[in-house]
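The sequence and structure come before the text.

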Amino acid sequence: MAKRVEDFTIKRNRYLNNDLFILELAGNKYLPELKPGQFVQVRIEGSPETFLRRPISIHDVDYENNTIKLLIQIAGKGTEALSKLKTGDILNIIYPLGNSFSLPFEQSSVLLVGGGCGVAPLLFLGNYLKSKGHDPEILLGFRNSGRIVEYDEYIKIGSVYLTTEDGSKGEKGFVTDHPVLKEHHFDHVYCCGPESMMKAIADYCLKKGITCEVSLENLMACGFGVCLCCVVNTVKGNLCTCIDGPVFNIKELKW
Amino acid sequence: MVNVGVSIGGLKFKNPVITASGTFGYGSEFDDFIDISRLGGIILKGTTIEPREGNPYPRMAETPSGMLNTVGLQNKGIDYFEKYIYPKISGYETNVIVNINGSYVEDYIALAERVNKLDRIPAIELNISCPNVKMGGMAFGTNADSAREVIKAVRRVYSKVLIVKLSPNVTNIVDFARIAEEEGSDSISLINTLLGMSVDIKTMKPALSTITGGLSGPAVRPVALRMVWQVANAVRIPVIGIGGIISANDAIEFFLAGASAIQVGTASFIDPQISIKILDGILKYLTDKGFSDIKEIIGLINR
């Protein structure tokens with residue numbers, strides 16, 4: 001898929017809470033086919049402190065309306081600037097970037113595991129899997145009930161299991177504490193979230209012999225395999241998260 | 001029509017816009033974005049004799065108007081290059097230049113000999129200025145005797161156009177430029193990155209795995225421009241200006257200060273089409289100002 005540099009127009013900037021928001025962007029040209037797990041590199045204009053683009057995973061795609069959604073957490077000056085975008089503003093992006101999650105075998109039981117803002121690519125993935133005839137289950141972990149994002153969207157895809165660290169909604173604890181991991185059988189797990197969570201899920205999958213793919217979020221400058229800054233150590237040596245990832249099978253990673 | 005062709009060591013460049021090593025991969029990464037054959041030249045990712053894994057992550061930190069990196073010359077080595085990369089670059093109608101690096105003088109000699117045999121590579125950029133490797137790299141480029149030794153040794157075995165890339169991390173860059181000229185290099189490119197560092201106050205650790213790294217981007221431009229001006233006034237061989245160029249206006253500053261060509265580096269990370277935009281901007285500037293040849297503005301402030 002050819003990569004593009006294009007101006008998109010902000011259709012909507014919707015706040016989910018104080019520091020999480022969803023940007024809905026409309027393309028001026030028809031969108032190419034995008035794949036779950038891919039990301040965009042967002043240009044932030046106007047400040048010398050946000051010199052580089054910011055990699056943001058694709059949260060959802062609407063081909064009919066020619067829009068993509070980005071779920072973003074304010075984590076620094078770049079994402080803070082993005083949070084202030086308004087309807088009609090222009091956002092320049094490079095896309096589509098990165099590989100994508102692989103499709104599971106037919107009839108396999110699939111679990112999506114997400115934590116915090118890391119749930120972002122799982123909505124696109126869940127909808128995609130559903131359109132391909134799969135029936136994924138979804139396990140999501142958040143700090144507390146106020147941090148739960150897009151629950152109404154995930155529940156449309158399949159069964160959703162929740163954990164919160166303070167027990168204010170769902171099971172108390174981390175995703176790895178949820179009984180569904182013991183009670184249900186899974187063939188394929190897709191995971192995105194904080195590194196500690198992904199490592200814990202990877203351990204669980206390795207022990208159970210479950211195929212597991214994780215989506216990484218390394219610091220990068222370019223996003224298309226040139227700067228070599230976003231490397232992750234793998235059985236094949238240092239690979240770029242931006243072109244060889246962001247999705248990796250856990251058996252490849254030397255964590 | 002404005003003439004923007006320049007000649008470096010007898011090698012013709014259709015225009016003075018070259019992409020900098022380490023910021024342009026092997027070219028193919030930009031095929032989706034630009035027509036590479038429009039560029040004056042491209043300088044490929046730094047190559048060593050042996051494959052190198054580079055430095056541990058994290059390798060990058062954003063800084064005001066720039067970035068620090070500590071990639072550490074990750075590359076697959078010259079064997080892989082000859083076998084798999086070299087055949088792919090033949091389609092580009094531009095000067096494809098290899099940037100060579102080593103830990104020992106012998107490495108540079110062996111690499112120069114190998115690259116000398118590659119018909120499609122008309123020039124090498126001798127990198128004696130990488131700040132992110134434990135051995136070699138900048139160590140050659142910040143000591144006058146070892147700089148002389150490595151340039152002399154490479155010149156002896158390399159018959160095509162030799163460009164020496166200088167480190168700014170020295171007291172007097174003119175000394176090193178003169179050494180390069182005396183030892184027969186055809187051109188000097190400068191500057192490589194400035195040694196810098198950054199600390200993450202959340203984790204209370206250095207931002208880079210190697211603590212220090214190379215600073216690039218517009219933050220270094222005034223320093224680069226000053227050094228290019230000093231060197232252009234001190235040597236007779238053509239100078240290639242590098243350092244924080246993100247627009248045609250920036251490039252023109254370097255021409256006026258004495259650079260015969262420029263390299264676009266970090267800017268390509270942010271806008272992969274920037275090299276072509278800079279070229280178009282240079283053409284427009286020259287046309288608007290009524291110049292017929294870029295040579296008319298090279299070193300204009302020094303006349």
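In chain B, helix 6 (residues 221-232) packs on helix 7 (residues 248-257) at an angle of about 25°, the axes being 9 Å apart. Helices (H or I, at least four residues) and strands (E, at least two) are DSSP runs, numbered from the N terminus. The model is predicted: local features need pLDDT of at least 70 and side-chain atom pairs count only at pLDDT 80 or more, while totals for chains, interfaces and linings use all residues. Residues are numbered from 1 along each chain as its sequence is written, and chains are lettered from A and ligands numbered from 1 in the order in which they are written.

**Helix packing in chain B**

- Axes are lines fitted to C-alpha atoms, for helices over the stretch in contact, and angles run from 0 to 180 degrees between N-to-C directions.
- Helix 6 of chain B and helix 7 of chain B are therefore classed as roughly parallel to each other; the classes are roughly parallel under 35 degrees, roughly antiparallel over 145, roughly perpendicular from 65 to 115, and oblique for the rest.
- Helix 6 of chain B passes helix 7 of chain B in a right-handed crossing; a crossing is right-handed if the near helix is turned clockwise from the far one by less than a right angle, and left-handed if anticlockwise.
- Helix 6 of chain B contributes B:Arg221, B:Leu225, B:Val228, B:Trp229 and B:Ala232 to the contact, and helix 7 of chain B contributes B:Asp250, B:Glu253, B:Phe254 and B:Ala257. Two residues are in contact if their C-beta atoms, placed from the backbone, lie within 7 Å.
- The contact of helix 6 of chain B with helix 7 of chain B has 6 nonpolar, no polar and 3 charged residues. Ala, Val, Leu, Ile, Met, Phe, Trp, Tyr, Cys and Pro count as nonpolar, Asp, Glu, Lys and Arg as charged, and the others, Gly among them, as polar.
- Helix 4 of chain B and helix 5 (residues 173-182) of chain B cross at roughly 25°, and their axes come within 9 Å. Their crossing is right-handed.
- On the side of helix 4 of chain B the contact is made by B:Ala144, B:Ala147, B:Arg148 and B:Ile151, and on the side of helix 5 of chain B by B:Asp175, B:Phe176, B:Ile179 and B:Ala180. By class these are 6 nonpolar, no polar and 2 charged.

**Around B:Thr142**

- B:Thr142 is in the loop between helix 3 (138-141) and helix 4 (144-157) of chain B.
- B:Thr142 counts as buried because 20 C-beta neighbours lie inside 10 Å. A residue is buried if 20 or more other C-beta atoms lie within 10 Å of its own, exposed if 12 or fewer, and partly exposed in between, with C-beta atoms placed from the backbone.
- Apart from neighbours within four places in sequence, B:Thr142 is in contact with B:Ser167, B:Asn169 and B:Val170.

**Interface between the chains**

- The interface brings 25 residues of chain B into contact with 24 residues of chain A.
- On the chain B side, strand 5 (60-63), strand 6 (66-69) and helix 8 (267-270) each supply at least two residues. The largest share, 3 residues, comes from strand 6 of chain B.
- The side of chain B that touches chain A has 11 nonpolar, 9 polar and 5 charged residues.

**Chain A as a whole**

- Chain A has 5 helices and 16 strands.
- Of the 255 residues of chain A, 46% count as buried.
- Residues 24 or more positions apart make up 58% of the contacts in chain A with a separation of 6 or more.
- Helix 2 (residues 120-131) of chain A is mostly covered, with 9 of its 12 residues buried. Among them are A:Leu122, A:Phe124 and A:Tyr128.

**Backbone details**

- Most residues other than glycine have a negative phi, and most peptide bonds are trans.
- A cis peptide bond, with omega about -15°, joins A:Tyr95 and A:Pro96; A:Pro96 is in strand 7 (residues 90-97) of chain A.
- The peptide bond from B:Leu190 to B:Ile191 is also cis, with omega near 10°. B:Ile191 is in the loop between strand 10 (187-190) and strand 11 (194-197) of chain B.
- A:Glu150 has a positive phi, near 55°, and lies in the loop between strand 9 (137-142) and helix 3 (151-154) of chain A.
- A:Leu228 has a positive phi, near 60°, and is buried, with 25 C-beta neighbours inside 10 Å.
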